[in-house]
Every structure is written in C-alpha cells, then in structure tokens.
Amino acid sequence: MSSIKIAYRFLAENRYTSLKALSKPTVWEAFKEYLTNNEYAKETLMHCFVAINKVIEYATWHKIPLGFTRKIRITKTSTQS
C-alpha cells in the first residue's frame, strides 16, 4: 500500500486530486519524469505500478471513473498501454 504513496505524492505536489489525472498523457509523462528524477529502485516502481493497476482494476467495482482504458503495462520504460 505504501508504494502507491509515490503516485499520490506526485499528484499532491502538482495539485491533482485524483489518480484520474494520470490517465492524461501529459500528466503521465510528467509522472514518469518525476519517477526518473527521484531515482526510485526498480522494485519500488514495480510495486507502485502494481498498486495503480489494482486501483484501475477495481475502479468499475467502486464506480470510480479513472479514465484509463487499460492497465499500465510494466516494462523497462514504464510506458502506458
């Protein structure tokens, strides 16, 4: 659970109020830059992306529209698709 705090910290620092903001390409690119600049360990990033994917997975069950069309693909470059 603490790994998702990385995403929420980024969102708070940039005055976003929901993970929905990460579904926007410009915000996603800024998030990736934030992760790179903070030099998080690969394992930490994996945990963060897995946590975000779980939120995406359960969004429909919770009836929370997040704007993602699919889960985040976890690769070496951390691209969204």
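This is a predicted model: local features need pLDDT of at least 70, side-chain atom pairs count only at pLDDT 80 or more; totals for chains, interfaces and linings use all residues.
Helix 1 spans residues 5-13. Its buried residues are Ile6, Ala7, Phe10 and Leu11. These residues cover an arc of only 135° around the axis, which puts them on the same side of helix 1. An α-helix has 3.6 residues a turn, so residues three or four places apart point the same way. The face turned away from the buried side of helix 1 carries exposed residues, namely Lys5, Ala12 and Glu13.

Helix 1 packs against helix 2. Two packed helices are described by the angle between their axes and the distance between the axes. Here the axes come within 11 Å and cross at roughly 115°. The crossing of helix 1 past helix 2 is right-handed. On the helix 1 side, the contact is made by Ile6, Ala7, Arg9, Phe10 and Glu13. Helix 2 contributes Val27, Ala30, Phe31, Tyr34 and Leu35. By class, the residues of this contact are 8 nonpolar and 2 charged, with no polar ones.

Phe10 belongs both to the buried residues of helix 1 and to its contact with helix 2.

In soluble globular proteins, nonpolar side chains tend to be buried together. The largest nonpolar core of this model has 19 residues. Those with the most contacts inside this core are Ala7, Phe10, Leu22, Phe31, Leu35, Phe49 and Ile52. Helix 1, helix 2 (25-37) and helix 3 (42-62) are the elements that give two or more residues to the core. Helix 3 gives the most, with 6 residues.

Most residues other than glycine have a negative phi. Arg15 is not a glycine, yet its phi is positive, at about 60°.

The place of Glu39 is the loop between helix 2 and helix 3. With a relative accessible area of 70%, Glu39 is exposed.

Conventions
Residues are numbered from 1 along each chain as its sequence is written. Side-chain values use heavy atoms; hydrogens and water are left out. Buried means under 20% relative accessible area, exposed over 50%, partly exposed in between (1.4 Å probe, protein chains only). Helices (H or I, at least four residues) and strands (E, at least two) are DSSP runs, numbered from the N terminus. The arc is that of the directions from the helix axis to the C-beta atoms. A nonpolar core is a set of buried Ala, Val, Leu, Ile, Met, Phe, Trp, Tyr and Cys residues joined through side-chain atoms within 4.5 Å. Axes are lines fitted to C-alpha atoms, for helices over the stretch in contact, and angles run from 0 to 180 degrees between N-to-C directions. A crossing is left-handed if the near helix is turned anticlockwise from the far one by less than a right angle, and right-handed if clockwise. Contact means heavy atoms within 4.5 Å. Ala, Val, Leu, Ile, Met, Phe, Trp, Tyr, Cys and Pro count as nonpolar, Asp, Glu, Lys and Arg as charged, and the others, Gly among them, as polar.
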